[in-house]
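Hello,

Here is the structure we talked about, followed by some notes on what turned up in it.

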Amino acid sequence: MSDDQERAGFEALAQAGADEDAARGLGARLKARPEPADLKALAALWLHGAAAAPESLPGIYDAAAEGYLGEPVGVKPAPTDTSQPPEPIPAAFWAGLWDLLDAPRSGLQAVNLTTRTAALAGLISPQMQARVGRAALAYPGVPAAVAQGYPKKFTLAALARCPAESLGGQFHALIVDNGFDLEVLDREALGLDKMPPPLDYLNARILQCHDLWHIVGGYQTTALHEVAISAFQLAQFGHHYSSMFLGMVLTRIAFEQPEGGAIILPTILTAWTHGRRTPPLLGVDWEAVWSRPLADVRKTLGVTPYASPFPADLFEQLSVAA
């Protein structure tokens, strides 16, 4: 089979989607042995949710996690409306995805990868924007968080006043010591305040909370844990970029390095389960707890740190060894 034929077959799978039983079965088979065909089928299913039917995401990820990890997620399913037919996935989306996956890894630095993956969202059906917003509102805690209004910015000045071992102090150190931007990307430049609700709130909130959630959730700022925290964010409120990113990552693994499924799948699915089992963090009044010790904040919020199945810096270790 030619590469074009293989990709065309994958595109057809992604457009069609599959039910939760199929996702559960794929998870179970992949746990036993990560066959390339099953990896492609699961990647296609995740892209189906990201590009055609966001309402399907909580069900298919819950089912895949149950099949792979051998136990139910154990929390109430997010009641998204899965009765809607999928949107058609345009040819431009596939052209953009294959172009991204064909790019040399050495040329895909973190910011560039983020920008190019986010750009894929502009290549899907225009109807998806409203569907993503409605689906997000079915996740626990999202309506109450959105009702707080467009989020005000955090400030480095406020964080600098916090004790070093407090949540705010650790957040300040993470940003300053690593030369990070406090909100990852410029929300004004992206025009997030002009997006329709609830996407205006959701997209601004995730920019300001992404690095904060690294700390509170126990995710390191490494390549493997950036994949993991994407699954956590998707589980918390259906974050659309995270769904696109995870679908892209698994697609690349399935087509280029299927043996990597033994690392990526348990990482994604344990982080997804962690996100589903963690109480909603989206609407937390973080400014009110800046000065409290991290352990105290976690206890108050009911957060157990992520138990990574592999060393957080595994990819960095492998890169040095190579």
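**Cysteines first**

The sulfur of Cys-209 has its closest cysteine sulfur in Cys-162, 15 Å away, which is too far for a bond. A disulfide is a covalent bond between the sulfur atoms of two cysteines. With a disulfide taken as a pair of cysteine sulfur atoms within 2.5 Å, the count comes to 0 disulfides. Cys-209 is buried, as its relative accessible area is 0%, and Cys-162 counts as buried at 11%. Here buried means under 20% relative accessible area, exposed means over 50%, and partly exposed is in between (1.4 Å probe, protein chains only).

**Before you read on**

Please bear in mind that this is a predicted model: local features need pLDDT of at least 70, side-chain atom pairs count only at pLDDT 80 or more, and totals for chains, interfaces and linings use all residues. Residues are numbered from 1 along each chain as its sequence is written, and side-chain values use heavy atoms, with hydrogens and water left out.

**Salt bridges**

Side chains of opposite charge can pair when their charged atoms come close. Counting a side-chain nitrogen of Lys or Arg within 4 Å of a carboxyl oxygen of Asp or Glu as a salt bridge, there are 16 salt bridges.

One of them joins Glu-55 to Arg-131, with 2.8 Å between the closest N and O atoms. Glu-55 sits in the loop between α3 (36-51) and α4 (57-69) and Arg-131 in helix α7 (residues 128-136), so this pair ties together parts 76 residues apart in sequence. Helices are DSSP runs (H or I, at least four residues), numbered from the N terminus. Both partners are covered by the buried cut-off: Glu-55 has 4% relative accessibility and Arg-131 has a relative accessible area of 3%.

Asp-62 and Arg-276 also meet through their side chains in a salt bridge (2.8 Å, N to O). Asp-62 belongs to helix α4 and Arg-276 to helix α15 (residues 261-277), so the parts tied together are 214 residues apart in sequence. Asp-62 is buried at 12% relative accessibility, and Arg-276 is buried at 8%.

The salt bridge between Arg-292 and Asp-296 (2.9 Å, N to O) has partly exposed partners: Arg-292 is at 27% relative accessibility and Asp-296 at 30%. Asp-21, Arg-24 and Glu-66 are linked in a network of salt bridges.

**Helix α3**

The 16 residues of α3 should span 22 Å at 1.5 Å a residue, and its end C-alpha atoms are 22 Å apart, in agreement. The expected span is 1.5 Å times one less than the number of residues. Helix α3 is mostly covered, with 13 of its 16 residues buried.

**Around α11**

Arg-187 is placed in helix α11 (residues 187-190) and counts as buried at 3% relative accessibility. Leaving out residues up to four places away in sequence, Arg-187 touches Tyr-150, Pro-151, Lys-152, Lys-153, Leu-192, Ala-204, Leu-207 and Gln-208; contact means heavy atoms within 4.5 Å.

Leu-185 is in the loop between α10 (167-178) and α11, and is partly exposed with a relative accessible area of 34%.

Best wishes

Methods. Helices (H or I, at least four residues) and strands (E, at least two) are DSSP runs, numbered from the N terminus.
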